[in-house]
Amino acid sequence: MIIKICQFLQVGIGIFANTLLLFFHIFTLLVDHRPKPIDLIICHLALVHIMNLFTVLFMMSTDLFEILNLLNDFQCKALFCMIRVTRSLSMSTTCLPSTRQAIIVSPSTAWLARLKHKCTKYIFHSFVILWFLSLSLNSNCLLCTAAASNVTESNLLQVSKYCSLSRINSILRGLFFTFSLSRDVSFIGAMLLSSAYMVVLLSRHQRRCRHLHSTSLSSRVSPERRATQTVLLLVSFFEVMYCVDIIISFSSTLLWSYDPIILDVQKLVSNVYATVSALVLLSSDKRIKVHFKDLGKLQLTYNFLLIK
């Protein structure tokens, strides 16, 4: 019961934080004459997380299933596929700012410096490719997802009260597993390499600052360094949550059994990144803080005029 409450609380906070993040960056894109590519990436990430959390909320609302008589295979396939696709997009979209920031902070003498202009030019093309990959590599959900009432108990792995996974052909399962593993290794590998590269660059920059400047000057954090630290925090948190999620999923699929408590813990772990990432991005963006301060001043002025 406590885990269920934590799940609903986590999803509620996540939807609110991602909606706020999405609206702020859409407003920035509309107002700013020269919008930053990172605003587009964060908009896409927030939108993907909102879609994911609303689908998870719908899956958790078992009473709603009973009211709508939501027991057929098509609806289970649609919901489960949406969760898998949005989680895949969450991983690939998180990889974009990580690799982009590594390119931006790279010195002009490095070979990555040649990509600085190209990485900002093909953002929309990247989104199209990521959606295509996520939809195609998660199409196996259409084959293996079924309503719990439509498959015999011995052939299914229950992942919610009404939706389950059924066994598919071993060749197809192996094929989809290989493609999905290759995708995950590629994106996780890119995030790890770019993170390691940024850590090395940050440590070098810090050593140079100690030699060239006084302590008061070196303590100031540049916007590039702050952005790099935010990206490193997000990537590190994502990778830890991903590893925990993949260990639970792999062991449960291998044994073809899900303990209800372990299933609830996995849901909590797999959805926590969507909530935490929005909160981190909101708290680390100085523009948001400035806008909130301006709104606070306007509210005080309005209250003062009402009193007068």
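A salt bridge is a side-chain nitrogen of Lys or Arg within 4 Å of a carboxyl oxygen of Asp or Glu. The model is predicted, so local features need pLDDT of at least 70 and side-chain atom pairs pLDDT 80 or more, while totals for chains, interfaces and linings use all residues. Residues are numbered from 1 along each chain as its sequence is written, and side-chain values use heavy atoms, without hydrogens and water.

**Exercise 1.** Find the salt bridge and state whether R183 is buried or exposed.

*Solution.* Step 1: the count by this rule is 1 salt bridge. Step 2: the side chains of R183 and D184 form a salt bridge, at 2.9 Å from N to O. Step 3: R183 has a relative accessible area of 12% and is buried (under 20%; exposed is over 50%, partly exposed in between; 1.4 Å probe, protein chains only). D184, at 10%, is buried.

**Exercise 2.** Trace the contacts of M91 (heavy atoms within 4.5 Å), leaving out residues up to four places away in sequence.

*Solution.* Step 1: M91 touches R183, D184, F187, I188, M191, F238 and Y242.

**Exercise 3.** Describe the surroundings of H44.

*Solution.* Step 1: H44 is buried, at 9% relative accessibility. Step 2: H44 touches L89, T93, F127 and W131, not counting residues up to four places away in sequence.
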